[in-house]
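I opened this notebook to record what I looked up, one entry at a time.

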Amino acid sequence: MIYLKTPREIEIMKSSCDLLSRTMGELAKWIQPGVTTMKLEMIAREFIGDNGGRPACLGYSGFPAALCIEVNETVVHGFPSNYSLREGDIVGIDSVVEKDGYNGDMCYTFPVGEVDQKTMHLLRTTKEALYVGIDAFKIGNRIGHISNAIQTYCEKRGYTLVREMTGHGIGKSMHESPEVPNYGRPGIGPLIKNGMVIAIEPMVNMGSRNIVIESDGWTCRTRDRKPSAHFEHTVAMLDDKAQILTTFEYIEEVLKERAI
Ligand code: MF3
Ligand code: CO
């Protein structure tokens with residue numbers, strides 16, 4: 001069952017989404033060779049707590065952290081650890097914050113130092129695919145239009161889409177109906193309606209689409225160990241218009257300063 005949100009609920013959801021977006025901006029400042037992913041975890045927990053939020057991944061079905069850390073071939077659900085980021089790595093940070101009773105969910109894949117052109121192209125394409133998906137989140141379309149738009153965009157560029165994991169509805173719970181797959185036919189799935197709030201999250205592989213879950217029961221990596229990228233926004237349909245509730249602005253401000 002899909003819980004459609006009132007305009008008031010969508011307004012409340014902006015606070016968790018904004019806190020999460022600002023948390024990601026803080027993390028962006030720390031991403032460089034030598035930093036451990038556990039350090040990022042500690043910064044996130046402190047920032048979220050200091051600002052009245054709750055890290056919703058921590059303890060979710062036993063997940064041990066506030067952040068999902070996705071280094072290189074890790075697709076989703078990696079744990080923070082004493083691993084130090086290295087020049088040339090890519091690291092996806094996926095997190096959910098609960099505030100005022102509602103959840104916000106987002107993910108950004110960061111380059112660490114200089115990253116080779118081929119991998120940068122994967123990052124760019126995955127981020128573009130997220131916005132292509134958001135463009136298909138329109139009244140009159142079905143969820144399948146989003147799925148198909150993302151799949152078509154990425155496959156045209158030679159990439160593959162992970163099928164076992166999907167985007168999802170979001171609200172009082174982190175995962176609600178409907179599922180939002182990153183592949184499929186345009187005519188399928190529920191009709192898009194006002195009050196729908198969904199997390200759109202393409203997980204895009206450079207090699208084959210096949211994945212493996214590690215023995216920890218969570219960490220999902222590519223079977224061929226080629227890189228995978230992941231970007232995610234929480235998006236609401238309000239007054240016939242898609243509103244992106246999370247933002248990459250805080251992150252990209254930091255990354256831009258660094259590039260100069
Ligand atoms: N964005 C991720 C998802 O929708 C967040 C997972 S949190 C976890 O799956 F606790 F399940 F890891
Ligand atoms: Co999600």
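Before the entries I note my terms: helices (H or I, at least four residues) and strands (E, at least two) are DSSP runs, numbered from the N terminus.

I am working from a predicted model, in which local features need pLDDT of at least 70 and side-chain atom pairs count only at pLDDT 80 or more, while totals for chains, interfaces and linings use all residues. Residues are numbered from 1 along each chain as its sequence is written, chains are lettered from A and ligands numbered from 1 in the order in which they are written, and side-chain values use heavy atoms, with hydrogens and water left out.

Entry 1, His 77.
I looked up His 77 and found it in the loop between strand E3 (74-76) and E4. Its phi is near 60 degrees, a positive value in a residue other than glycine. I noted that most residues other than glycine have a negative phi. His 77 counts as partly exposed because its relative accessibility is 23% (buried means under 20% relative accessible area, exposed over 50%, partly exposed in between, with a 1.4 Å probe and protein chains only).

A pocket here is an open set of points on a 1 Å grid over the protein atoms alone, where a 1.4 Å probe fits, with protein on both sides within 12 Å along at least five of seven lines; lining residues have an atom within 4 Å of a point. I met His 77 again, listed with Met 165, His 168, His 175 and Glu 201 as lying nearest the centre of the second largest pocket. This pocket is lined by 23 residues and has a volume of about 370 Å³ (the space filled by probe spheres set on the points, which are joined across faces, edges and corners). Strands E4 (90-99) and E7 (167-169) each supply at least two lining residues.

I read a volume of about 460 Å³ for the largest pocket. Its lining has 16 residues, and Tyr 108, Pro 111, Met 120, Leu 255 and Ala 259 lie nearest the centre. Strand E5 (102-111), helix H3 (117-135) and helix H5 (249-259) each give at least two residues to this lining. Which element gives the largest share? I found that H5 does, with 5 residues.

Asp 240 sits in the loop between strand E14 (233-238) and strand E15 (241-244). I recorded a positive phi of about 65 degrees for Asp 240, which is not a glycine. Asp 240 is exposed, with a relative accessible area of 51%. Last, I checked Pro 178, placed in strand E8 (residues 176-180). A cis peptide bond joins Ser 177 to Pro 178, with omega about 0 degrees.
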